[in-house]
Amino acid sequence: MAHSPHTVSDVMTQTVVAVGQGASFKEIVETMEQWKVSALPVLAGEGRVIGVVSEADLLPKEEFRDADPDRMEQRRRLDDLRKSGGRTAGELMSAPALTVHADDTIAQAARTMARKSVKRLPVVDAHGMLQGIVSRADLLKVFLRPDADLAAEVRTEVVDRLFPGTARRVEVSVEDGVVTLHGPLRDSPLLPIAARLVRAVEGVVEVTFDDHTVATTNRRTVAG
């Protein structure tokens, strides 16, 4: 059975476009345009990630071209004003770089992106050397898993382990990533635990329990 891709290494892109810290402003813009990316890792030495330069780091050059900000604005936008005079990646980049490791979970990478409001993260090894890059789109690849694969994993990893006495009578169906458990589990105190474990399977959109499983008249979703 194919198990869920639980780590960044399963979904990251290994071919990465990057620039050195001495790359010029124009070279950065040309590289972004050529490869259709909005941010580039900045490397030093043999490939150690020391920062990231993004479109947001480049825009102050245009924004402050003919602007004359007052003292309060200068204080508030000190970093942007500094970048407006930058000429190389080392002067323009945001540092230190926000990164993840290949063995970080997909959930960890998603939380980092959400909390820091970034669209992609360089993937580095223990020494900070670039290994790949992971984007929001990469993290969503887990939801492309076939329903049959999800059903097989839910049965093996959740049903067979959590309900060993009744597992043979519990059926698992999946449609468009939504998992439904059918079977003699009425009023089981383990249902909330089952819901959490099923949701933890990469690619599951939601989990429901049918009328024969819970003591209700309508199918419902159990909160985890």
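At 26% relative accessibility, E206 counts as partly exposed. That class lies between two cut-offs: buried means under 20% relative accessible area and exposed means over 50%, with a 1.4 Å probe and protein chains only. The model is predicted: local features need pLDDT of at least 70, side-chain atom pairs count only at pLDDT 80 or more, and totals for chains, interfaces and linings use all residues. Residues are numbered from 1 along each chain as its sequence is written, and side-chain values use heavy atoms, with hydrogens and water left out.

E206 has a charged partner. The side chain of E206 meets that of R199 in a salt bridge, 2.8 Å from N to O. A salt bridge here is a side-chain nitrogen of Lys or Arg within 4 Å of a carboxyl oxygen of Asp or Glu. R199 is also partly exposed, at 28% relative accessibility. By this rule, the model holds six salt bridges. Side chains of opposite charge can pair when their charged atoms come close.

Another of these pairs joins D138 and K141, whose closest N and O atoms are 3.1 Å apart. K141 is partly exposed, at 38%.

A further pair links K36 and E33, at 2.9 Å from N to O. K36 is exposed, with 63% relative accessible area. The backbone of K36 also deserves a look. Its phi is near 55°, a positive value in a residue other than glycine. K36 lies in the loop between helix 1 (25–35) and strand 2 (39–44).

Now the overall fold. The protein chain has 10 helices and 10 strands. Helices (H or I, at least four residues) and strands (E, at least two) are DSSP runs numbered from the N terminus. The chain has 224 residues, and 41% of them count as buried. Among contacts with a separation of 6 or more, 58% come from residues 24 or more positions apart. Contact means heavy atoms within 4.5 Å.

Three strands form an open sheet in the order 4-5-6, with mixed pairing. Strand 4 and strand 6 stand at the edges, each with a single partner strand, so one side of each is left without a neighbour in the sheet. Helix 7 (residues 106–116) packs on this sheet and touches strand 4, strand 5 and strand 6. The direction of helix 7 makes about 135° with that of strand 5. Such angles run from 0 to 180 degrees between N-to-C directions, and axes are lines fitted to C-alpha atoms, for helices over the stretch in contact.

What pairs with strand 5 in the parallel sense? Strand 4 (residues 100–101) does, over two bridges. Two strands pair if DSSP finds at least two bridges between them. V100 has V123 of strand 5 as its bridge partner, and H101 has V124. Strand 5 runs antiparallel to strand 6 (residues 130–135), joined by five bridges. Five residues lie between the strands in the hairpin of strand 5 and strand 6, where G128 takes a positive phi near 80°. Strand 5 (residues 120–124) is mostly covered, with four of its five residues buried.

Next, a helix pair. Two packed helices are described by the angle between their axes and the distance between the axes. The axes of helix 9 (residues 147–162) and helix 10 (residues 191–199) come within 10 Å and cross at roughly 160°. Helix 9 and helix 10 are therefore roughly antiparallel to each other; angles over 145 degrees count as roughly antiparallel, under 35 as roughly parallel, 65 to 115 as roughly perpendicular and the rest as oblique. Helix 9 contributes V154, V158 and L162 to the contact, and helix 10 contributes I193, A194, L197 and V198.

Two backbone details remain. Most residues other than glycine have a negative phi, and most peptide bonds are trans. The peptide bond from A95 to P96 is cis, with omega near 0°. P96 is found in the loop between helix 6 (89–92) and strand 4. D176 has a phi near 55°, a positive value in a residue other than glycine. D176 sits in the loop between strand 7 (171–175) and strand 8 (178–182). At 65% relative accessibility, D176 counts as exposed.
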